[in-house]
Each structure stands twice: as structure tokens, then as C-alpha cells.
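Student: Can we go through this one together? I'd like to start with how helices are described.
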Amino acid sequence: MSDRPRVVVVGAGFGGLWTVRTIAPFSVDVLLMDQNNYHTFLPLLYQVAAAELEAEEIAHPVRSILRRLPNVQFALAKVEAIDPMAKLVKTENRTISYDYLVLSTGSVPEFFKIPGADKYALPLKTLEDGIAIRSQILACFEKAVHETDHRRREQMLTFTIVGGGPTGVEFAGALVELIRGALVRDFTTLDFQEVHVVLVEALGNLLSGFPERLQNRAVKRLVKMEVDVRLSSPVAEITPEAVLLKDGTFISTETVVWTAGVRGNLEADVAGLPTARNGQVLVLPTLQVEGHPDIYVVGDLARLEEDKDRLPMIAPVATQQGAHAARNIIRQISGLPPKVFRYRDRGKMVTIGRNYGVAQLFGWSFTGFPAWVIWLVVHLYNLIGFRNRIFVLIDWAWDYFFIERAIRLIIPRERMPPQVHMHRRQMT
Ligand SMILES: Cc1cc2nc3c(=O)[nH]c(=O)nc-3n(C[C@H](O)[C@H](O)[C@H](O)COP(=O)(O)OP(=O)(O)OC[C@H]3O[C@@H](n4cnc5c(N)ncnc54)[C@H](O)[C@@H]3O)c2cc1C
């Protein structure tokens with residue numbers, strides 16, 4: 001123990017890591033805590049689910065990221081409670097005191113109380129989720145080979161994605177390419193007319209928040225790839241065998257991937273922190289919590305409005321907020337007032353299958369091949385870990401030149417139905 005101020009950062013995601021990296025050069029002791037011993041690069045998670053990348057390629061051990069930061073320690077622990085008055089963070093078997101606390105525990109899936117959604121839909125939020133979806137898709141093809149009933153076969157081979165935001169759109173494109181590429185060659189006895197990818201979106205267009213021209217391009221592209229795009233189609237119920245839409249439509253499907261919404265992940269018991277209905281913590285423009293000048297909240301967990309618009313739950317917001325919180329803590333330690341956070345929006349982009357993307361960067365719109373190349377470069381550059389970059393590049397090149405997906409493994413052999421996944425998640 002030193003007499004330097006102690007900063008505890010909870011969550012080694014984008015927000016937490018950027019806090020730690022920014023504050024590390026200063027004279028403070030930092031403890032970074034996470035329930036996993038790795039950082040997950042979530043923007044590429046859909047490629048794990050689509051058998052394009054290995055889970056390990058988008059994860060990086062936290063201790064290796066911190067190696068060159070001598071004043072930063074790591075604790076593998078799930079934070080269960082925070083006592084803001086006593087300035088304590090509690091885990092199952094430890095109580096840790098702090099001078100400054102940064103909460104960056106991200107988000108969890110939001111099912112909007114739609115009957116059956118939390119039981120039967122597969123969320124895409126963690127590495128385990130990505131592997132579970134990949135296994136479910138591949139297992140459906142294996143089952144369908146032995147199914148003699150046409151109706152049942154078609155149900156097994158219909159893959160429904162709920163949520164037409166960037167993750168749903170990117171996953172739909174990648175899934176079609178997995179099916180029309182590697183799986184067509186693997187399952188030679190199946191009739192691929194029976195395979196369907198359905199993308200269901202409650203709003204009137206995909207990619208909410210993108211310019212209308214890019215939204216329309218995305219729809220066109222997916223329709224061209226034979227994705228069944230259902231716009232203005234809110235989901236009423238999900239069962240083990242179907243998705244029911246509010247307009248009465250019945251989609252017979254065994255696999256439902258949920259990308260429709262997330263909520264702030266404030267599982268820890270933090271009595272006294274003001275939260276919004278979606279679980280996010282309300283923060284002041286300085287990213288502090290009102291009444292608790294020593295607590296900062298960043299990333300998906302933080303609720304902050306700029307010009308009356310809520311900041312989106314995306315990685316650049318989390319990284320910029322993490323760095324800003326770190327700088328504000330240093331200002332406080334130096335006796336200076338914390339500064340107001342302003343988000344610098346550099347743009348947004350998605351890729352939809354090979355050679356095609358839509359992007360808006362610095363006010364400019366790009367579509368097609370240029371947007372796809374920009375997407376590849378940006379994601380490869382931002383991926384943490386040189387080894388990960390090399391392996392991702394190899395997998396992408398392999399897929400691009402040979403139209404082949406290397407990771408077509410069903411793991412574990414005994415797959416759990418979605419409701420068991422959920423139950424396990426709640427228990428851990
Ligand atoms: C599939 C998917 C695709 C995405 N694609 C993009 C994209 O293309 N571009 C983009 O900008 N954004 C994208 N996002 C959003 C982006 O990943 C998030 O906005 C970003 O990760 C938020 O960073 P964060 O630090 O708030 O949370 P996270 O990065 O989620 O990190 C939270 C960390 O907290 C840890 N944690 C949680 N609870 C506890 C606890 N109780 N105790 C200890 N540790 C805990 C978790 O293990 C995790 O490591 C995507 C998200 C998903 C799910």
C-alpha cells in the first residue's frame with residue numbers, strides 16, 4: 001500500500017481499459033477489476049457467431065495489456081456491491097477501498113418483457129454467446145440432414161435475427177455468406193431452398209441513426225443477398241419453434257438471435273446511484289454521479305445527453321469517456337475542477353458481406369467496396385493484440401480467397417437450450 005490516491009476501475013471493456021491507460025502515467029495506484037481475465041473486442045463478435053473468427057482472436061488477456069503499467073494491478077473478480085458512503089467495493093470474498101471509483105460494467109441484453117424472448121432467443125453479447133450461436137446454427141444443419149419431414153426441416157433451417165441495428169445487419173450478411181459458401185459445400189444432401197435468414201426490425205428502416213440513403217442501401221444489399229427483411233415488424237412473442245409478430249405473422253424457426261436491445265449492466269448492488277429505466281446510471285456532464293464526486297461512470301453504463309440526444313452505446317463513446325474520466329480524476333487530485341465531457345463523433349460504419357459496407361465518416365458517406373475496405377482497416381487497427389491482428393487477417397484472407405470458414409465446430413458437444421444458458425448466466 002502506498003499513500004498515493006487509489007483509483008478502482010470496474011470493467012476491463014473499452015471504457016475501463018481507456019481509463020486505465022490514460023491514468024497510468026500519473027502518480028496513482030490503480031486496481032482494475034473484471035469478472036473475466038480478458039478484454040473482448042465486441043465489434044467482431046458477430047464473426048465468431050458466423051464461424052468466421054475464433055473466439056480467442058477477439059479476446060486479449062488483461063494482464064498482458066497491463067504488463068507495462070507498473071502502478072496498475074488487476075483483480076479477477078465480479079463486483080457484487082458498492083458502498084458509496086464508505087467508499088468500498090465488495091466482491092464475493094474481498095472488500096476494497098477506493099479514493100476514486102470508475103464504473104464501466106457495460107450492458108446486458110434487453111428483452112423488453114416480450115414473452116419468451118429471454119428464454120428462447122440467443123443474445124449476442126459475450127464470447128460464450130458467440131460460440132453458442134455458432135454451435136446452434138451448425139447443429140441445426142446437422143439435425144436437418146436426418147429430418148424427413150419437410151416442414152420440420154424448414155423450421156430447423158430458418159434463422160431469425162431480431163434487431164436491425166449494426167449488429168443484426170452485419171450478422172445477417174455474415175450468416176448468409178457462411179450458408180451460401182462453406183455450408184452449401186458441406187451439406188450436399190440438403191436442399192438450400194429450404195434455408196432462410198430472416199431479419200426482423202420493429203422500426204421502419206434498418207440502421208437507425210444512419211443517414212436515410214445508407215439505411216436504404218443496407219436494405220437493398222440484404223434483400224439482394226436473399227435475406228428476408230421484415231421492417232415495421234415488432235415481435236409479440238418467441239416460442240421454442242416460432243417468432244410471432246404483432247401483426248399476426250408467424251415465422252416458423254428454431255433459432256432466434258437477439259440483437260434488438262441492451263440495457264445498463266448494473267448488477268452490483270449500488271444503493272443510492274441514480275439510474276434510468278434502462279438500467280443506465282445518470283451522470284453529470286463531467287461523468288461524475290450527482291452527490292458522489294469521487295464516482296465516475298463511463299461507457300454503456302453511463303446515461304448522458306448531449307444536445308438533447310442520448311449518447312449511443314458504442315465503443316468510441318466508451319473510450320473517449322474512459323480517457324476523460326481519467327483526466328478529470330487527475331484534475332481533482334490536483335485541486336482543479338473536473339471538465340465537461342463532449343463526444344467527438346467521427347462516424348459510423350457497418351459491413352454487409354464481402355466487398356460491401358456503408359459508412360459515414362467525418363460527414364462523408366461511403367457505400368460498397370470503399371466502405372468495406374475502410375471498415376476492415378479500422379477494425380484491424382483497433383483490435384487489441386498484434387497476434388490477434390495477424391490471425392484475424394489470416395482468417396479473413398482465407399475466407400475471402402477460398403470462400404471457406406475455418407471454425408465450423410460445435411462446442412460443447414452437449415448443447416444447452418437457450419433457457420439453460422440464461423439460467424447459468426443469472427447464477428454466475
Ligand atoms: C455484438 C456487438 C457488436 C458491437 N459492434 C460495435 C461496433 O461495430 N462499433 C461500436 O462502436 N460499438 C459496437 N458495439 C458496442 C460496444 O462494444 C460497446 O459500446 C462497448 O463495448 C462499451 O464499452 P464498455 O466499457 O462500457 O463495456 P464493455 O466493453 O462491455 O465492458 C464491460 C466489462 O465489464 C465487465 N463486468 C461487467 N459486470 C461486471 C462486474 N459485476 N464485476 C466485474 N466486471 C464486470 C465485463 O466482463 C466487461 O469486460 C457492439 C456491441 C456488441 C454486443
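Tutor: First a definition: axes are lines fitted to C-alpha atoms, for helices over the stretch in contact, and angles run from 0 to 180 degrees between N-to-C directions. Helices (H or I, at least four residues) are DSSP runs, numbered from the N terminus. This is a predicted model, where local features need pLDDT of at least 70, side-chain atom pairs count only at pLDDT 80 or more, and totals for chains, interfaces and linings use all residues. Residues are numbered from 1 along each chain as its sequence is written, and side-chain values use heavy atoms, with hydrogens and water left out.

Student: OK, at what angle do the axes of α10 and α11 cross?

Tutor: Roughly 150 degrees, and the axes of α10 (residues 369–382) and α11 (residues 386–402) come within 10 Å. That makes α10 roughly antiparallel to α11 (the term is for angles over 145).

Student: Which residues in α10 and α11 meet?

Tutor: W372, W375, L376, H379, L380 and Y381 in α10 meet R389, V392, L393, W396 and Y400 in α11, where contact means heavy atoms within 4.5 Å.

Student: New topic. Which residues come nearest to the ligand?

Tutor: G15, D34, V79, D300 and A315, out of 29 residues around the ligand. A residue counts as near if one of its heavy atoms lies within 4 Å.

Student: Which helix gives the largest share of that shell?

Tutor: α9, with three residues.

Student: And how far is a ligand oxygen from the backbone of G15?

Tutor: An oxygen atom of the ligand is 2.8 Å from a polar backbone atom of G15. For S104, an N or O atom in the side chain is 3.1 Å from a ligand oxygen.

Key: A polar contact is a pair of N or O atoms within 3.5 Å; within protein, one must be able to donate a hydrogen and the other to accept it, and residues adjacent in sequence count only if both atoms are side-chain atoms. Helices (H or I, at least four residues) and strands (E, at least two) are DSSP runs, numbered from the N terminus. Angles under 35 degrees count as roughly parallel, over 145 as roughly antiparallel, 65 to 115 as roughly perpendicular and the rest as oblique.
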